[in-house]
Amino acid sequence: MQPILPRNALRADDAPRVELAPFALRALRILEDAGYEAWVVGGFVRDALLGRPGEDVDVASSATWREAQRAFEARGVRTHETGTAHGTLTAVVDGHAVEVTTYRADGSYADDARHPRKVTFVRSIEEDLARRDFTVNALAFHPDRGLIDPHGGRADLEAGVLRAVGDPARRFSEDALRILRACRLSAQLGFRIEDKTFSGMMANKGLLLRISAERVARELERMLVGPFAGDVLLSCADVLAAVMPELVAMKGFEQRTPYHVHDVLAHTACVIDATPPYPLVRWAALFHDMGKPATFFTDEEGVGHFYGHAALSETMARGAMARLKLPSAFAGKVLQLVRRHDDDLLPTPKSVRKTLLSLEGDLELFGALCDLKRGDAMGQAPRCRGRVDEVNAVETVLGEVLSSDAAFTLGQLAIDGKEVLALGVGPGPLVGEALRAALGAVIDDEVANERDALLAFTRRWLEERRRATVAKS
Ligand code: ATP
Ligand code: MG
């Protein structure tokens, strides 16, 4: 294909600088030395103009997938076939992955199996930019030719606006994943979604049901860890409801208790924003009070209560995560946090060791529980802020417990399963139960963590168990 000079490219000196790393420059040069045209496009240009250059470089090129592959391989650059049917190739340039995509008119992003979309390859970068999702993503940059911005992306970047390229309703009906990309980008960038774009998202949200659970989950997770996740949860709740219908009951649900100043959804948004941005705690924050609307009642004084809400939130979270196909080990951790978010954690070594034991010594989970409880306190009425200090005190005690050699895992016990078997217990769950009972007694200072003392304790415990079982039968 012949390189086509863009009509409305800014000259390099008009354009704000987009710094390209040597590997990105090399990728462009390899393609252009081979006679094709190549531009850095999309998120990298957007983020660079915002002064936050990223790592991921996407290149759009006039070269077909096979031509690009030949050009790179001829220069000793390895390539992977990431989406040959859509014209996407990953080139590993000086150790960095560069995604190279052939100019095309129609994205084949949606995995709508019933209506597979055809990809049309096109001749110019401008036609390629026209198929991109948002104006701020429809930017291309070249170190010599400057910036191309046919859809006013720079102005929208400056105004902090997310606007669909072209007719929003049509663009979202072509590919509903873009609806969630808008929520995610808004949470990452803090951009307002332009009104018509938002209407287009609302009008097409029903199509989100055709998008695979994995892709939905990925966008939701990236949204949740964004610095503006709380705002987006509130402003886009009606859109997000299509993939998280549990939000509907939370929105506007007043809690009528002196502990809260926000409705359930606004409280949830505050908790998300008040937790550190990692997936485990942010998913747990999203789910932690989901069970409140359904467990709500008011007493004679008109004060709201939600007994059992943590357990119901856990059940709802289990359903939601199964629907989204989140990995089950990860979901299991989220569920523990949701179930326990309201439990008392006391800043005493005993309480901390018990909690550690119940979390099977998982320090990451313990830390996440502290983060969630702190965030929860921050999202409650100002009078509850003291709870933040309580959690801080718990973490101080945790540090002390960890630096002492006080036991909190089965592995730290002075006896092991073999020794319990040697007491005449058959193999089975009773062995673990006996060990856990022994560890519980050590934590309660009822028995020393020494072999003979523990064996004596375990013998007594087994004997009591046996008697209790006989009495029952
Ligand atoms: P990030 O890399 O942070 O996820 P990004 O904007 O670079 O952000 P990518 O998924 O890497 O997102 O996609 C690269 C570019 O491809 C986008 O900037 C956009 O121009 C285009 N794009 C990606 N997904 C779509 C889509 N579903 N519809 C239209 N254009 C898309
Ligand atoms: Mg990208």
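Predicted model: local features only at pLDDT ≥ 70, side-chain atom pairs only at ≥ 80, totals over all residues.
Reader: Let's start with ligand 1. Which residues come nearest?

Author: There are 14 residues around ligand 1, and the nearest are Arg 46, Asp 175, Arg 178, Arg 181 and Arg 222.

Reader: How many of the residues in that shell are charged, polar or nonpolar?

Author: The shell around ligand 1 holds 10 charged residues, 3 polar ones and 1 nonpolar one.

Reader: OK, and what does the side chain of Arg 178 do there?

Author: An N or O atom in the Arg 178 side chain sits 2.7 Å from a nitrogen atom of ligand 1.

Reader: And which ligand atoms do Arg 181 and Arg 184 reach?

Author: Oxygen atoms in both cases. For Arg 181, an N or O atom of the side chain is 3.1 Å from an oxygen of ligand 1. Arg 184 also has a polar side-chain atom 3.1 Å from a ligand oxygen.

Reader: How much of ligand 1 does the protein bury?

Author: The protein buries 84% of the 570 Å² that ligand 1 exposes when taken alone.

Reader: Which elements give two or more residues to the shell?

Author: Those are helix 2 (43-49) and helix 7 (177-189). Helix 7 gives the most, with 3 residues.

Reader: Switching topic: what's in the largest nonpolar core?

Author: That core has 105 residues, and the members touching the most others are Phe 72, Met 244, Trp 283 and Phe 287. Helix 7 turns up here too, as the element that gives the most to this core, with 8 residues.

Reader: Which residues does Met 244 touch?

Author: Leaving out residues up to four places away in sequence, Met 244 touches Leu 220, Trp 283, Leu 286, Phe 287, Met 290, Ala 320, Arg 323 and Leu 324.

Reader: What about a second core?

Author: A separate one has 21 residues, including Val 425, Val 442, Val 447 and Phe 457.

Reader: Back to helix 7. I'm curious about Ser 186: is Ser 186 buried or exposed?

Author: Ser 186, which lies in helix 7, counts as buried because its relative accessible area is 5%, under the 20% cut-off.

Reader: So what does the polar end of the Ser 186 side chain have beside it?

Author: A polar atom of that side chain lies 2.7 Å from the backbone oxygen of Phe 191.

Reader: And which residues does Ser 186 touch?

Author: Not counting residues up to four places away in sequence, Ser 186 touches Leu 162, Phe 191, Ile 193, Phe 228 and Val 232.

Technical notes:
Residues numbered from 1 in each chain as written. Chains lettered and ligands numbered in written order. Heavy atoms only, no water. Near = heavy atom within 4 Å. Polar contact = N/O pair within 3.5 Å; in protein donor to acceptor, adjacent residues only side chain to side chain. Areas by Shrake-Rupley, 256 points an atom, 1.4 Å probe, with all protein chains shown as cover. Helix = DSSP H or I, 4+ residues; strand = E, 2+ residues; numbered from the N terminus. Nonpolar A, V, L, I, M, F, W, Y, C, P; charged D, E, K, R; others polar. Core = buried A, V, L, I, M, F, W, Y, C linked by side-chain atoms within 4.5 Å. Buried < 20%, exposed > 50% of the residue type's maximum accessible area, 1.4 Å probe, protein only. Contact = heavy atoms within 4.5 Å.
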